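Subject: Structure handover and findings

Hello,

Here is the structure I promised to pass on. Please load it before reading further.

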Amino acid sequence: MNADSYLQEILKQQTLKEDSTEIKELIRHRNEVEALIINEFANSSPTIDFGGSHAKGTMIKANFDIDIVSYFPHDDTEPGDSLKEIFKSVSELLSQNYTVREGTSALRLQSKDSITLGRDFHIDVVPGRWVDDEGGDSYLHVNKGPKNWLKTNLRKHIDYVAKSKAIDTIKLAKFWNYQAGLKIKTFVLELMVIDALNGTDELALGSAEAMKKFWLYLKDNRDTLRAEDPANPTGNDLSGLIEEIRYTICDAAEDALEHCSENDWCKIFGKLETDTDIPRISILSSTANAYAQTAAKPWGVG
């Protein structure tokens, strides 16, 4: 089997079908969260929208998520006067039904049931406030960093990734990120893949050549690696999400390129096995598996 065929099998194994147990559970909790927020803040008429890898088409079985954004009218103060108060109000509401882990701008939901306590539901709730009546840009609270808010646009994020033609390559890059335990924020990873492969013929293919170009891009930009938010290029500095792991990322890219030169893709993604005539992929144990429970979370409304 050549490299491209191998990668196509990896993509098949990492595909979650809409009728899968995982997707059905995501939708069930999504509906529950939506009902909780709308009922609690009925007078505010919050806008509920959905993002994350499911909305972008970049979901993989090893590391999947859905973002539920809850944006309040720009002049509404019922949920709170400030972005921080809105963030806390939604967090307290969801804590009635879930264990809530507060992230940079999102609320990660986990089970609070005694039997499944701490189980991750792969859902990030992102409270915010519309910038104006147009319903495009929004403000989010930020828990850490040089400023406590950011301006962004969920729809621009989704459209930018979904229309990039790099979906399959992004999926493979996400799986590489997961397998190698790199913890690159999903949104930042998506942006780097698009930047690396912009204008090439391999974007829609998830090909070996596309992956090599992506890793070469990381290797060649070792000291200048960056990502620019398409929703707010000059206002959102993403450098802090890269800086601490910059050289770890680039070293891992160099390792991947070395395995490619040896035509040993299994050392990057895992070994393919065959069950009768149906290809089946089982990912072998590796040093990266120690990171399996701490895979990267999406940045912001990624």
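**Ground rules**

The model is predicted, so local features need pLDDT of at least 70 and side-chain atom pairs count only at pLDDT 80 or more, while totals for chains, interfaces and linings use all residues. Residues are numbered from 1 along each chain as its sequence is written, and side-chain values use heavy atoms, with hydrogens and water left out.

**Helix packing**

Helices (DSSP runs of H or I, at least four residues) and strands (runs of E, at least two) are numbered from the N terminus. Axes are lines fitted to C-alpha atoms, for helices over the stretch in contact, and angles run from 0 to 180 degrees between N-to-C directions.

Start with helix α2 (residues 21-40) and helix α4 (residues 83-94). Their axes lie 10 Å apart, and the packing angle is about 120°. That makes α2 oblique to α4. On the cut-offs: under 35 degrees is roughly parallel, over 145 roughly antiparallel, 65 to 115 roughly perpendicular, and the rest oblique. The crossing of α2 past α4 is right-handed, meaning that the near helix is turned clockwise from the far one by less than a right angle. On the α2 side, the contact uses V33, L36, I37 and E40; on the α4 side, V90, L93 and L94. Contact means heavy atoms within 4.5 Å. By class, this contact has 6 nonpolar residues, no polar ones and 1 charged. Nonpolar covers Ala, Val, Leu, Ile, Met, Phe, Trp, Tyr, Cys and Pro; charged covers Asp, Glu, Lys and Arg; the others, Gly among them, are polar.

Next, α1 and helix α6 (residues 167-180). Their axes come within 10 Å and cross at roughly 80°. The two helices are therefore roughly perpendicular to each other. L7, I10 and L11 of α1 meet D168, K171, L172 and F175 of α6. This contact divides into 5 nonpolar, no polar and 2 charged residues.

**Salt bridges**

How many salt bridges does the structure hold? The count is 14. The criterion is a side-chain nitrogen of Lys or Arg within 4 Å of a carboxyl oxygen of Asp or Glu. Side chains of opposite charge can pair when their charged atoms come close.

- K12 and E9 form a salt bridge at 3.7 Å, N to O. Both sit in helix α1 (residues 3-13), 3 residues apart, so about one helical turn separates them. K12 is exposed at 57% relative accessibility, whereas E9 is buried at 12%. The cut-offs are under 20% relative accessible area for buried, over 50% for exposed, and partly exposed in between (1.4 Å probe, protein chains only).
- R28 and E25 form a salt bridge at 3.8 Å, N to O. They are 3 residues apart in helix α2, again about one helical turn. R28 is partly exposed, with a relative accessible area of 48%.
- D120 and R108 form a salt bridge, with the closest N and O atoms 3.1 Å apart. This pair links distant parts of the chain: D120 is in strand β5 (residues 120-130) and R108 in strand β4 (residues 107-110), 12 residues apart. D120 is partly exposed at 27%, while R108 is buried at 6%.

There is also a network: salt bridges with shared partners join E25, R28 and R119.

**Positive phi**

Most residues other than glycine have a negative phi. Which residues have a positive phi although they are not glycine? S45 has a phi of about 50°, and N263 one of about 55°. S45 lies in the loop between α2 and β1 (47-51) and is exposed at 52%. N263 lies in the loop between α10 (246-261) and α11 (266-269) and is exposed at 58%.

**W265**

W265 is also in the loop between α10 and α11. Is W265 buried or exposed? It is buried, with a relative accessible area of 5%. Leaving aside neighbours within four places in sequence, W265 contacts A3, Y6, L7, A208, M211, K212, W215, C260 and G270. Take A208: it is 57 residues from W265 in sequence, and their C-alpha atoms are 9.3 Å apart.

Best wishes
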